[in-house]
Amino acid sequence: MHRKAIVFDMDGVLFDTERLLQDSWITVARKHGLSGMEEIFPRCIGLNANDSRQLVMAAYGPDFDYQGFRGEASEHFWKYIEEKGLPIKPGVEELLQWLEHEGWSVGLASSTRRESVMEHLKRAGIGHYFSVVVTGDMVEHSKPRPDIYLLACEMLGADPRKTFAVEDSPNGVRSAHAAGMSCLTVPDMIAPDREIKELSTEIFRDLTQVLAYLQGQQYA
């Protein structure tokens with residue numbers, strides 16, 4: 001029996017933006033002759049800006065212009081969205097509509113900074129579905145630590161042990177599990193290994209399957 005509370009990740013779950021972010025980072029890295037970004041970026045998935053910065057600086061050294069790099073990558077990212085639109089994952093609207101109709105408490109916990117999160121939600125027209133939005137700049141350390149999910153549950157007034165998380169990345173799954181939540185994993189760019197399979201409550205192909213799963217549950 002589950003209480004009807006659920007918290008979503010954003011990038012890679014609601015929006016197909018992680019591939020676009022990866023392309024932006026790799027494009028700018030190649031432009032400046034930086035090698036290894038193909039290996040570094042996947043490790044940053046799910047991290048907030050503070051933790052991503054530490055990881056990249058460790059790879060490229062203390063003199064690396066991280067702010068300049070992120071600025072260029074962000075420019076590349078937003079140019080694509082302006083030209084081609086925000087890529088939304090299949091099943092998002094249907095799932096959120098059902099949750100609203102059924103009276104669920106719905107939150108968002110994204111490691112992305114608040115300005116970008118709110119812009120994405122506005123562009124997609126789905127911001128009204130979320131009563132709580134927690135972003136990476138609201139916590140010192142984001143995923144894989146549990147802080148961001150614990151804060152989302154606290155703001156929702158929900159017991160983490162009775163709350164679902166919807167995640168795609170290993171860091172996100174680790175974060176939700178560490179918070180004591182039931183993690184519904186919809187893998188995006190990184191296929192789940194043994195660890196992630198063990199930490200996940202269920203693994204799905206897409207959000208349409210998540211909807212069918214939730215519809216079949218019994219709730220307190």
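Modeller: C153 has its place in helix α7. The model under discussion is a predicted one.

Biologist: Why does C153 count as buried?

Modeller: The relative accessibility of C153 is 1%. Buried means under 20% relative accessible area, so C153 counts as buried.

Biologist: Which residues is C153 in contact with, leaving aside its neighbours within four places in sequence?

Modeller: They are A158, P160, T163 and M181. Contact means heavy atoms within 4.5 Å. As for S52, its C-alpha atom is separated from that of C153 by 24 Å, and the two residues are 101 apart along the chain.

Biologist: What makes β1 and β2 a pair of strands?

Modeller: Two strands pair if DSSP finds at least two bridges between them. Strand β1 (residues 5–8) and strand β2 (residues 105–110) have four bridges, in the parallel sense, so they pair. Within this pairing, I6 stands opposite V106 in β2.

Biologist: How do you know that β1 pairs with β4, and in which sense?

Modeller: Three bridges link β1 with strand β4 (residues 164–167), in the parallel sense. The requirement is at least two bridges, so β1 and β4 pair. Here I6 stands opposite F164 in β4.

Biologist: Which way do the residues of β1 point, and are they buried or exposed?

Modeller: A5 and V7 point one way from β1, I6 and F8 point the other way, and all are buried.

Biologist: How many bridges join β5 to β6?

Modeller: Two bridges join these strands, which run parallel. At least two are needed, so β5 and β6 also pair. The bridge partner of L184 in β6 is E202.

Biologist: In what order do the six strands form the sheet, and why do β3 and β6 stand at the edges?

Modeller: The order is β3-β2-β1-β4-β5-β6, in an open sheet with parallel pairing. β3 and β6 (202–203) each have a single partner strand, so one side of each is left without a neighbour in the sheet.

Biologist: Which residues of α8 are buried, and what covers them?

Modeller: In helix α8 (residues 170–178), the buried residues are P170, N171, G172, V173, S175 and A176. Their cover includes α2 (37–44), α7, β4, β5 (182–185) and α9 (194–199). After α8 comes G180, whose phi is positive, near 90 degrees.

Biologist: How do you know that the radius of gyration agrees with that of a compact globule?

Modeller: A compact globule of 220 residues would have a radius of gyration near 17 Å, and the protein has 17 Å, so the values agree. The C-alpha atoms fill a box of roughly 55 × 35 × 30 Å along the principal axes.

Biologist: What can be said of the protein as a whole, in elements, burial and contacts?

Modeller: The protein has 10 helices and six strands. Buried residues make up 51% of the 220 residues. Among contacts between residues at least 6 apart in sequence, 66% join residues at least 24 apart.

Biologist: How far apart are the mean positions of the positive and negative charges?

Modeller: The mean positions of the 23 positive and 33 negative charges are 1 Å apart. The accessible surface comes to about 10400 Å², of which carbon and sulfur atoms account for 47%.

Conventions. Residues numbered from 1 in each chain as written. Predicted model: local features only at pLDDT ≥ 70, side-chain atom pairs only at ≥ 80, totals over all residues. Heavy atoms only, no water. Buried < 20%, exposed > 50% of the residue type's maximum accessible area, 1.4 Å probe, protein only. Rg over C-alpha atoms; globule rule 2.2 N^0.38 Å. Areas by Shrake-Rupley, 256 points an atom, 1.4 Å probe, with all protein chains shown as cover. Lys, Arg positive; Asp, Glu negative; His and termini not counted. Charge placed at Lys NZ, Arg CZ, Asp CG, Glu CD.
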